[in-house]
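Subject: Structure handover

Hello,

Here is the structure I promised to pass on. Please open it first, then read my notes below.

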Amino acid sequence: MKTDIIIIGAGPAGLTAAIYARRAGKSVKIIEKSTFGGQMTYSPKIENYPAFDAISGIELADKMVTQALALGAEIELEEVVGVAKNGEGDFTVTTTDGEHSAASVIIAAGAEHRRLGLEGEDALIGNGVSFCAVCDGAFYAGQTVAVIGGGNSAVVEASLLAETSKKVVVVQNLATLTAEAAAVDALLAHDNVEVICDTVVESYVVKDGAFSGLVLKNTSGERSELTVDGVFIAIGLAPANAPFSKVGAIDARGYIEAGESCATGTDGVFAVGDCRTKAVRQISTATADGAVAAVSACRYIDSLK
Ligand SMILES: Cc1cc2nc3c(=O)[nH]c(=O)nc-3n(C[C@H](O)[C@H](O)[C@H](O)COP(=O)(O)OP(=O)(O)OC[C@H]3O[C@@H](n4cnc5c(N)ncnc54)[C@H](O)[C@@H]3O)c2cc1C
């Protein structure tokens, strides 16, 4: 049976789209490959989502999922591997388990922060290892943190952390910081910032079950231990948009090209949240996209009648 709107991904963007589409009376199927709630489930404390002074990511995700289900959205635990348009109002969404049919598709597949891939990393995320200074910087106010990376995002993250942290140590694997000169100048204007180049993180240091620092290794092979309260990994985001390349143009960095309207180049297909080209990737911007795309998808379906 054809669903009005298939939503790919159950992060905040997809769940908000489901809430709006169900309230508009459309049938909705959300297809999620792994975690209901998406990236926010990695955050132990969210302090910048309106209406909650502080809430754990899992609790916020749970509230969004519960709301979408209570409104009648269906959820399937499957991985989408392709989306094809057969004609106006007629899409086939292929998953690892089979095929689904929809009149409109909202892609809400998000992105993942690139990780260092070191032993014990999964358990340390949210417990010493972070990816977002805007989200988690306040937890390290007055403390010492490391930032891993030397490109624009790392340097901007480090500058932001330097405003509130006691000390920020930037660890870059290359010989210099590769961010824009103005961003580097702004970073180095802080007197609590140290930059270590030609160095990689070899392992995390965990003492008495708690994160306590990093083992660094420079290009000469020398190792040293850096004691820090937290580390921010800023080596880029990795969207996984290959399954959607037939219905949405993908830019050089892997994001689906879509503006504030969330429209892709294909009528009836919308891209929302972290998976699309945008400047600020946060829960609030993801939910905003979900609302915009759901309303547009409803209009698209109604225009076919
Ligand atoms: C540790 C951490 C802390 C953060 N803290 C904050 C914070 O405090 N405040 C804030 O505003 N933001 C925070 N963020 C950022 C915020 O979580 C993201 O901006 C937001 O989750 C993006 O929402 P989204 O719905 O676009 O994508 P996501 O949350 O990434 O959700 C996308 C979903 O799509 C699924 N998916 C992907 N591909 C497929 C496929 N092929 N088939 C089926 N399902 C698929 C994924 O499994 C995922 O569940 C944090 C992020 C992290 C990692």
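Predicted model: local features only at pLDDT ≥ 70, side-chain atom pairs only at ≥ 80, totals over all residues.

Where they touch, domain 1 supplies 7 residues and domain 2 supplies 9 residues. About 590 Å² is buried between domain 1 and domain 2. Carbon and sulfur atoms give 53% of that area.

Helix α1 against α7

Two packed helices are described by the angle between their axes and the distance between the axes. Start with α1, residues 12-23, and α7, residues 283-303. Their axes lie 7 Å apart, at an angle of about 40°. That angle makes α1 oblique to α7. The crossing of α1 past α7 is right-handed. On the α1 side, the contact uses Pro12, Ala13, Thr16, Ala17, Tyr20 and Ala21. On the α7 side, the residues are Ile283, Ala286, Thr287, Gly290, Ala291, Ala294, Val295 and Cys298. What is the make-up of the contact of α1 with α7 by class? It has 11 nonpolar residues, 3 polar and no charged ones.

Helix α1 against α2

Helix α1 also packs on α2, residues 57-70. Here the axes come within 9 Å and cross at roughly 30°. Angles under 35 degrees count as roughly parallel, so α1 and α2 are roughly parallel to each other. This time the crossing is left-handed. Pro12, Leu15, Ala18 and Ile19 come from α1. Met64, Val65, Gln67 and Ala68 come from α2. Sorted by class, the contact of α1 with α2 has 7 nonpolar residues, 1 polar and no charged. Note that Pro12 is listed in the contact with α7 and in the contact with α2.

Helix α5 against α6

The last pair is α5, residues 152-164, and α6, residues 181-188. Their axes are 9 Å apart, and the angle is about 25°. α5 and α6 are therefore roughly parallel to each other. α5 passes α6 with a left-handed crossing. From α5, the residues in contact are Asn152, Val155, Ala158 and Ser159. They meet Ala183, Val184, Ala186 and Leu187 of α6. The class count for the contact of α5 with α6 is 6 nonpolar, 2 polar and no charged.

That is the handover.

Best wishes

Note on methods. Residues numbered from 1 in each chain as written. Heavy atoms only, no water. Axes fitted to C-alpha atoms, helices over the stretch in contact; angles between N-to-C directions. Helix = DSSP H or I, 4+ residues; strand = E, 2+ residues; numbered from the N terminus. Parallel < 35°, antiparallel > 145°, perpendicular 65-115°, else oblique. Left-handed = near helix turned anticlockwise from the far one by under 90°. Contact = heavy atoms within 4.5 Å. Nonpolar A, V, L, I, M, F, W, Y, C, P; charged D, E, K, R; others polar. Buried area = accessible area lost by both parts, 1.4 Å probe.
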